[in-house]
Amino acid sequence: NSPFAPVFGKSFLLEVVRGCNRGCRFCLIGFQNRPMRIRGFEVLKDLVDRGPKFSRVRKVSLIGSAISDHPDFEDLCWYIVNSGFDISVPSLRVDGFSESIAEALVKGGQKTVTFAPEAGTFRLRKVVKKPFTEEQILYAVATAKKCGIKHVKLYFVVGLPGEGEDDLWGIVDLIRKVISLGYSPSELHVSFTPFIPKPHTPFQWLAQFSLKELDKRLKFIIKNLKALGLNYVDYLDPRWAKIQAALSLGDRKLGKIIEYVAEHGGGLGAWRRAQKTFGINLTDYSDEVKDLDKELPWSHIDVGVDKIFLIGEYERSLEKNKNE
Ligand code: SF4
């Protein structure tokens, strides 16, 4: 419980890739950290050979987004476990998962594998440009089960643009199907985050649903997942999601609020008082749909992605919402 305990436990952290080219429309990394940079396999093997010796640990934790996009990901997993180390990997894309990877993870002591379907229906997954089919998701889960991975964790985002009741039921149905593949409710962990629009992404012009609506949606899903017997359901409190959205979309006026909150303990009460003190309402940031030609607080920052491209992606997401 030491505050100085390493975040990933006692392990050698190995960054495998940096950035991501997939461009899921809600994701900061997919737009701010382009292009994906891939560390060479020979370099990675050399680091595995030398790094843990200096750190005196027996576990290698791989770091990176969409890590299975590394062309040698599977070979790297086997190299690590065949060198006698335990392994830990972050969440994996379902379309990059295989029996061989699952077997390497089991051999390397990984007990939980995490996937992020993000949304409950194929339609909404296409809207956000993470178009996994249900078959792909279930195949990945079935593969994990078959190879002996003990627990599965699934991440979803609630309140994505265009999300309707069907999409919420889609999450519940998907979990029901995952259970039918052999994972008992106690072996499943499901995690929800309210949608938080991010700068420099195609969804930067969009608003969050209201606090009341986010609450309602989360309660609906949690009630239905509990009815399936799930114990491990966690979520980011929508009140914090509102604050995160304001921090994500805010401008320099928020500086004094942040300072006030930092000086007053950092809790929800401090955020409430700060808004009152300075006459600023955070929902003015989080709940505002912006015109495409509005000057945004970050418009002057060039992250290498063209505004025309972002508008195109935004419009394509609207098309996906409309057409299906
Ligand atoms: S959600 Fe994952 S796969 Fe999609 S852009 Fe972000 S890091 Fe890449």
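**View 1. Val113 in strand β6.** Val113 belongs to strand β6, residues 112–118; strands (E, at least two residues) and helices (H or I, at least four) are DSSP runs numbered from the N terminus. The model is predicted: local features need pLDDT of at least 70, side-chain atom pairs count only at pLDDT 80 or more, and totals for chains, interfaces and linings use all residues. Residues are numbered from 1 along each chain as its sequence is written, and side-chain values use heavy atoms, with hydrogens and water left out. Val113 has a relative accessible area of 0% and is therefore buried (buried is under 20%, exposed over 50%, partly exposed in between, with a 1.4 Å probe and protein chains only). Neighbours within four places in sequence aside, Val113 is in contact with Leu92, Phe97, Leu105, Ala144, Ile149, His151, Val152 and Lys153; contact means heavy atoms within 4.5 Å.

View 2. Most residues other than glycine have a negative phi. Glu118, in strand β6, has a positive phi of about 70°. Glu118 is buried, at 8% relative accessible area. Lys129 has a positive phi near 65° and is located in the loop between α5 (122–127) and α6 (134–147). Lys129 is partly exposed, at 29%.

**View 3. A cis peptide bond.** Most peptide bonds are trans. The bond from Arg34 to Pro35 is cis, with omega near -10°. Pro35 is in the loop between α1 and β3 (37–38).

**View 4. The largest pocket.** On a 1 Å grid over the protein atoms alone, a pocket is an open set of points where a 1.4 Å probe fits, with protein on both sides within 12 Å along at least five of seven lines; lining residues have an atom within 4 Å of a point. The largest pocket has a volume of about 780 Å³, a volume being the space filled by probe spheres set on the points, which are joined across faces, edges and corners. Its lining has 30 residues, and Phe26, Cys27, Ser91, Glu118 and Lys130 lie nearest the centre. Strand β8 (188–194) gives the most to this lining, with 4 residues.

**View 5. The ligand.** The ligand sits in the largest pocket, meaning that more than half of its atoms lie within 2 Å of the pocket's grid points. Residues around the ligand include Cys20, Arg22, Cys24, Ser65 and Arg93, where a residue counts as near if one of its heavy atoms lies within 4 Å.
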